[in-house]
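This note is intended for a colleague meeting the structure for the first time.

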Amino acid sequence: MNDVLTIHGGTPLRGTIQVRGAKNFVSKAMVAALLGEKVSILRNVPSIRDVAVVTGLLELHGVTVEDVGDPDGELRLDPRNVEHAQVSDIDAHAGASRIPILFCGPLLHRLGQAFIPDLGGCRIGDRPINYHLDVLRQFGASVEKEPHGIAISAPCGLQGTKLSLPYPSVGGTEQVLLTAVRARGVTELRNAAIEPEIMDLIAVLQKMGAIISVEVDRVIKVEGVDSLGGYVHTALPDRIETASWASAALATGGDITVMGARQLEMMTFLNVFRKVGGILTVGDEGIRFTHPGSPLNSLVIETAVHPGFMTDWQQPLVVALTQASGLSIVHETVYENRFGFTQALRDMGAQIQLYRECLGGLPCRFGQRDFKHSAVVSGPTKLSAADIEVPDLRGGFSHLIGALAAEGTSRVRGIGLIDRGYEHFQEKLDALGAHYERD
Ligand code: EPU
């Protein structure tokens, strides 16, 4: 229902759009508010479905979430009357997102126990939660698997600990932070993720009264405190959305200015954009991404944890690489299964081969296993219209870009998935001169 876009492609996207706060920070900052005893105010919040899912879960636990709205995109979160939620109500949120797993630490601190429904999120690999559960156990929580989720309790409270993540996982690091800030004593985390969204979460927690230091070599230390207050914070801009529109400018031969985009957290992407041949203009208010008007260059890239090239930038960029001259190699090292979206591009005429081997970089943990996690893109290829089903959030946006770049009329089904993480994307398509209908 209203879930299909009919796209008449072949028109360069040109114009100006605005990005707001990062999906992968805003949802975590909302959860952090649950840890405090006072009201928090979060600004630059995008209107996306993931925010609605977290709002629903917070409200079930007695947090009042008031959407003050524009111009600042402000949310006011009042956690003063936190209460237990009905398991059946929580269960209704099963499969909606991966954020519920981050409620564990805050709910254990506030209520002594938590029930977490089965998780959702994009199907881009196995996406286990073993790091999260191990972390909680190391803080002294008891974790029981139940038919529809996980029951967690900590009758004796949570105790700071020394731990090390097997991989610098974003969610694993957030789980430690949200649990350690109010645990007794000191927590030392090794092999932590240090993505800009995590740094912004640390800034929020510091505003609330936490004591957290980020040390050399991915070590984070947290000195637990007895109670936390609220925060007033403006979310950092969404660097995944920015890179998605930048790739759309390259793939369609267009010129897109992304207002609100910030250079600092995007330097790795900006270098790659320039190496492909794109023209960049970085201003105080945003970044302009322009196709050079001449053939794009092929290149070799490898996705990695920050400060490497983000896995979430990979999918939109691959669409642009179908228009580059020569062979590009893309080695995906964060998720084992993030090239499923390339089938639709092949259906549109792209030449993309997938390999099990670690191509073009260092061997990663998926090498010598049965995961097709390297891609060779041969270009430039003319893309032609196709009927496509959206597989996941970033893959779906890539399909959209593919259809906008292709000659002819494509039908893209399952478009609702894109609303999870791209605010008002249809209005943005309008602003950029895209030709489409939603039915
Ligand atoms: N992993 C485990 N066990 C765990 C947790 C993670 O093996 O318990 C593995 C994952 O399977 C993956 C790797 O560790 O291979 C890294 O996963 P990570 O925990 O870093 O990812 P995440 O926290 O689940 C967030 C973003 C993703 C983004 C990744 C990497 C949110 C809600 N999601 O996921 O964003 O790709 O970090 O930067 O913050 C998206 O926005 O479309 C998206 C998928």
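1. α1 (23-33), α5 (130-138), α6 (170-180), α10 (311-321) and α12 (393-405) each contribute at least two residues to the shell around the ligand. Helices here are DSSP runs (H or I, at least four residues), numbered from the N terminus.

2. The model is predicted: local features require pLDDT of at least 70 and side-chain atom pairs pLDDT 80 or more, whereas totals for chains, interfaces and linings use all residues. Residues are numbered from 1 along each chain as its sequence is written, and side-chain values use heavy atoms, leaving out hydrogens and water.

3. The ligand is surrounded by 24 residues, the closest being K28, N130, S169, V170 and V334; a residue counts as near if one of its heavy atoms lies within 4 Å. Of the shell residues, ten are nonpolar, six polar and eight charged. Domain 1 (4-18 + 237-438) and domain 2 (23-234) each provide at least three of the shell residues.

4. Oxygen atoms of the ligand lie 2.6 Å from an N or O atom in the side chain of S169, 2.8 Å from a polar backbone atom of G171 and 3.1 Å from a polar backbone atom of P128. Taken alone, the ligand exposes 830 Å², of which the protein buries 92% (Shrake-Rupley method, 1.4 Å probe).

5. Ten of the eleven residues of α6 are buried, so this helix is largely enclosed by the rest of the structure; buried means under 20% relative accessible area (1.4 Å probe, protein chains only). Among them are G171, E174 and L178. At the start of α6, a side-chain oxygen of S169 comes within 3.5 Å of the backbone nitrogen of G171.

Technical notes: A polar contact is a pair of N or O atoms within 3.5 Å; within protein, one must be able to donate a hydrogen and the other to accept it, and residues adjacent in sequence count only if both atoms are side-chain atoms. Ala, Val, Leu, Ile, Met, Phe, Trp, Tyr, Cys and Pro count as nonpolar, Asp, Glu, Lys and Arg as charged, and the others, Gly among them, as polar. Domain bounds come from an automatic or database domain assignment. Buried means under 20% relative accessible area, exposed over 50%, partly exposed in between (1.4 Å probe, protein chains only).
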